[in-house]
Amino acid sequence: MTKSDLTINRLASTDADFRSRLDSLLQRDMLIGADVVTAVKDILQQVRDRGDAAVLDYSKRFDGFDVANLADLTVGKEQMQESLDQLPASHLEALQFSADRVRYFHEKQQQASWQYQEADGSVYGQKITPLDRVGVYVPGGKASYPSSMLMLAVPAQVAGVKEIIAVVPTVYSTQNSLIFAAAALAGVTRVYTIGGAQAIAALAFGTESVPKVDKIAGPGNIYVTVAKKLVFGEVGIDMIAGPSELTVICDGKTDPEWVAMDLFSQAEHDELAQSILISPDAGYIETVIESVRRLLPGMERQKVIAESLTNRGIFIQSESLEQAVEISNIIAPEHLELSVENPEELLAAVDHAGAIFLGRYTSEALGDYCAGPSHVLPTSGTARFFSGVSVHDFQKRSSIIRCSAEAADRLGRTTSTMARNESLEAHARSAELRFKQK
């Protein structure tokens, strides 16, 4: 594909059909085809019924891993440490730097248990408890993502999770040592080199070799996403993830090549990734488009970027920066760059975004690797109600209530009235038995 073949999707907020065209390009339909759901349901049932044998069958069929038992697809702490020890110094330094920053950021999220006591001696509070065992799904297949291993496992480690099980469809070898070295730095207990819906099933139900976990976190392809939706309730999940997204709001003063490359940084993930620019400056938008056309032929993943931008890229002219934020709130992007002179002035109006990058120098790529926050973020508009992976995903909050005799009487009288109003006699009598005798 040459630069002249690149289709540019231009919108203006003043267009009569702006909202309908925007919705069409966002492609936010969360309904999954029946064929995919049926296929995933079958995989889940097979793994539940047949355990390791089913996982091995699917690993051979989908990933080409033809082994006799799951031990051959298991990477323990000793092998992880070997991968870490054998890294070239420059790779180790970068991985350690990233891990340290991710850990430092997430340590700030830690919450302590708390209690308060009322005058009558009653105590109320909240107890924070880490999950016992979690599974982290690290994407693989097309590429290896040690950064995702850190972004998932380090928050779990900081949260105090006792056992972190990682699954990644990447065969163990010296060529793929980074992913296993990252697991060592993040405190992962064990890695299984399995992927897809079968990996989700193994984590959710447990097999002879894979322990059942309490919660699964991490993004994957459509089969992984559907599997997570279907096992929710059997285990907890972090969110429903889709293709990567970036929206850039710019005032027209950032170097257009910087913005073009930021858009490329999302588009190169895969053909379904979405890159959006919003600016009130029509001339600037055209300058960025020219930079896109000029720079694209020199990109290693030119074909992927071009297809992503052609099918899902959007260049939007707004009437103002304030309206640009309103449009962004409709989009609810995974990543939002406020590439403007005074980003803090716009920040308060941002209601929906997985992560917000402030100022011209803050490229989204920094957040992918070493800024500190986890890069596992809500996509497909789910930033309206989901948050990025954090320490809180790997902890439970239990309420604490301890009533004195006085409180049992005082609260019990209200409880009795409300319970009888709902025709729940036993509730009422349970409270009434504790009334103070007059």
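The chat below goes through a predicted model of one protein.

Biologist: What should I know before I start?

Modeller: This is a predicted model, so local features need pLDDT of at least 70 and side-chain atom pairs count only at pLDDT 80 or more, while totals for chains, interfaces and linings use all residues. Residues are numbered from 1 along each chain as its sequence is written, and side-chain values use heavy atoms, with hydrogens and water left out.

Biologist: How many helices and strands are there?

Modeller: There are 17 helices and 15 strands. Both are DSSP runs numbered from the N terminus, with helices (H or I) of at least four residues and strands (E) of at least two. Along the principal axes, the C-alpha atoms fill a box of roughly 90 × 60 × 45 Å.

Biologist: And what share of the residues is buried?

Modeller: Of the 438 residues, 50% count as buried. Buried means under 20% relative accessible area, exposed means over 50%, and partly exposed is in between (1.4 Å probe, protein chains only).

Biologist: Which residues of α12 are buried?

Modeller: Gln-302, Val-304, Ile-305, Ala-306, Ser-308, Leu-309, Thr-310 and Arg-312 are buried in α12. That is 8 of the 11 residues of this helix (residues 302-312), so α12 is largely enclosed by the rest of the structure.

Biologist: What do they pack against?

Modeller: The buried residues of α12 pack against α1 (18-26), α10 (256-267), β11 (274-279), α11 (282-295) and β12 (314-317). Contact here means heavy atoms within 4.5 Å. Across the protein, among contacts between residues at least 6 apart in sequence, 73% join residues at least 24 apart.

Biologist: Switching to charges. How many salt bridges does the structure hold?

Modeller: It holds 20 salt bridges. A salt bridge is a side-chain nitrogen of Lys or Arg within 4 Å of a carboxyl oxygen of Asp or Glu.

Biologist: Where do Asp-23 and Arg-19 lie?

Modeller: Both lie in helix α1, 4 residues apart, about one turn of the helix. An α-helix has 3.6 residues a turn, so residues three or four places apart point the same way. Asp-23 counts as partly exposed at 36% relative accessibility, and Arg-19 counts as partly exposed at 44%.

Biologist: What about Glu-341, which partner has it got?

Modeller: Glu-341 forms a salt bridge with Arg-360, with the closest N and O atoms 2.9 Å apart. This pair links distant parts of the chain, 19 residues apart: Glu-341 is in the loop between β13 (335-339) and α14, and Arg-360 is in the loop between β14 (355-358) and α15 (364-369). Glu-341 is exposed, at 52% relative accessible area.

Biologist: Which residues gather in the patch of negative charge?

Modeller: Glu-322, Glu-326, Glu-344 and Glu-345 gather in that patch on the surface. Patch residues have over 30% relative accessible area and no salt bridge, with like charges joined within 9 Å and nonpolar side chains (Val, Leu, Ile, Met, Phe, Trp, Tyr) within 5 Å. Helices α13 (321-331) and α14 (344-347) each supply at least two residues of the negative patch.

Biologist: Is Glu-345 buried or exposed?

Modeller: Glu-345 is exposed, with a relative accessible area of 64%. Its place is in helix α14.

Definitions and conventions
Areas by Shrake-Rupley, 256 points an atom, 1.4 Å probe, with all protein chains shown as cover. Lys, Arg positive; Asp, Glu negative; His and termini not counted. Charge placed at Lys NZ, Arg CZ, Asp CG, Glu CD.
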